[in-house]
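Subject: Structure for you to look at

Hi,

Here is the structure I promised. Please open it and keep it beside you while you read my notes.

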Amino acid sequence: MSSEPRGRASESGKCLALDNDLVWAIRMISGALRRAAADASQTLPGGSRAYLVLVALAEAGDKPPTQLELAGQVGLDRTVMTYLLDDLEKQGLLSRRPNPQDRRARHVILSDEGRTQLLRMRTDVAAAEARLLTDLSEDQRAQFRDLLTRVALTAQRGTRGA
């Protein structure tokens, strides 16, 4: 058995050596989704980073994260997170409140305006995702998202341990 990557024929009939390489595939997917998130969030300070912060806050529900927890969730340096939150707070997209158990820590809460902006951005990003996943069935899309999320969580755990 050959250890060389298996290539498939492209639409032009040429064999693509990279089309079976995970680094290449993730780079292509990541680039497309980053561009979509950047386009959707271009009016926000921090661009696609702001999008990730707003998504994480919306998913937090009744238990708002601290700034440090939020930085870990979205993979941002805590100093970068502080500046980003300052800018998003100035635009009325979120607020920060002291943690009653630890006055040094601050909880981050998504505002109604933040939810409105996030809904608009999610609509734009969902359209880009749909274009990107157009060759997959609904079941394949769900399976792809599940598997990719599992791998991302493994990568996140590995990053925290490093």
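**Two crossing helices**

Start with helix α3 (residues 67–74) and helix α4 (residues 78–90): their axes come within 9 Å and cross at roughly 110°. An angle from 65 to 115 degrees counts as roughly perpendicular, so α3 is roughly perpendicular to α4. Keep in mind that this is a predicted model.

Which residues make the contact? On the α3 side they are Gln67, Leu68, Leu70, Ala71 and Val74. Helix α4 brings Arg78, Met81, Thr82 and Leu85. Sorted by class, the contact of α3 with α4 has six nonpolar residues, two polar ones and one charged one.

**Salt bridges**

Next, the charged pairs. Side chains of opposite charge can pair when their charged atoms come close. How many salt bridges does a search of the whole structure find? The count is eight. Here are some of them.

*Arginine 122 and glutamate 59.* Their side chains meet in a salt bridge, at 3.0 Å from N to O. Arginine 122 sits in helix α5 (residues 112–132), and glutamate 59 sits in helix α2 (residues 48–60). The pair therefore ties together parts that are 63 residues apart in sequence. Are the two partners buried or exposed? Arginine 122 is partly exposed, with a relative accessible area of 32%. Glutamate 59 is exposed, at 56%.

*Aspartate 102 and arginine 104.* This pair also forms a salt bridge, and its closest N and O atoms are 3.1 Å apart. Aspartate 102 is partly exposed, with a relative accessible area of 26%. Arginine 104 is exposed, and its value is 76%.

*Aspartate 146 and arginine 150.* In this salt bridge the closest N and O atoms are 3.7 Å apart. Both residues lie in helix α6 (residues 138–161). They are four residues apart there, so about one helical turn separates them. Aspartate 146 is partly exposed, with a relative accessible area of 42%. Arginine 150 has 52%. Exposed means over 50%, so arginine 150 counts as exposed.

*A network.* Salt bridges can also share partners. Here they join Asp86, Glu89 and Arg96 into one network.

When you have the model open, find the α3 and α4 crossing. Then look for the link between α5 and α2 made by arginine 122 and glutamate 59.

Best wishes

Note on methods: Residues numbered from 1 in each chain as written. Predicted model: local features only at pLDDT ≥ 70, side-chain atom pairs only at ≥ 80, totals over all residues. Heavy atoms only, no water. Salt bridge = Lys/Arg side-chain N within 4 Å of Asp/Glu carboxyl O. Buried < 20%, exposed > 50% of the residue type's maximum accessible area, 1.4 Å probe, protein only. Axes fitted to C-alpha atoms, helices over the stretch in contact; angles between N-to-C directions. Parallel < 35°, antiparallel > 145°, perpendicular 65-115°, else oblique. Contact = heavy atoms within 4.5 Å. Nonpolar A, V, L, I, M, F, W, Y, C, P; charged D, E, K, R; others polar.
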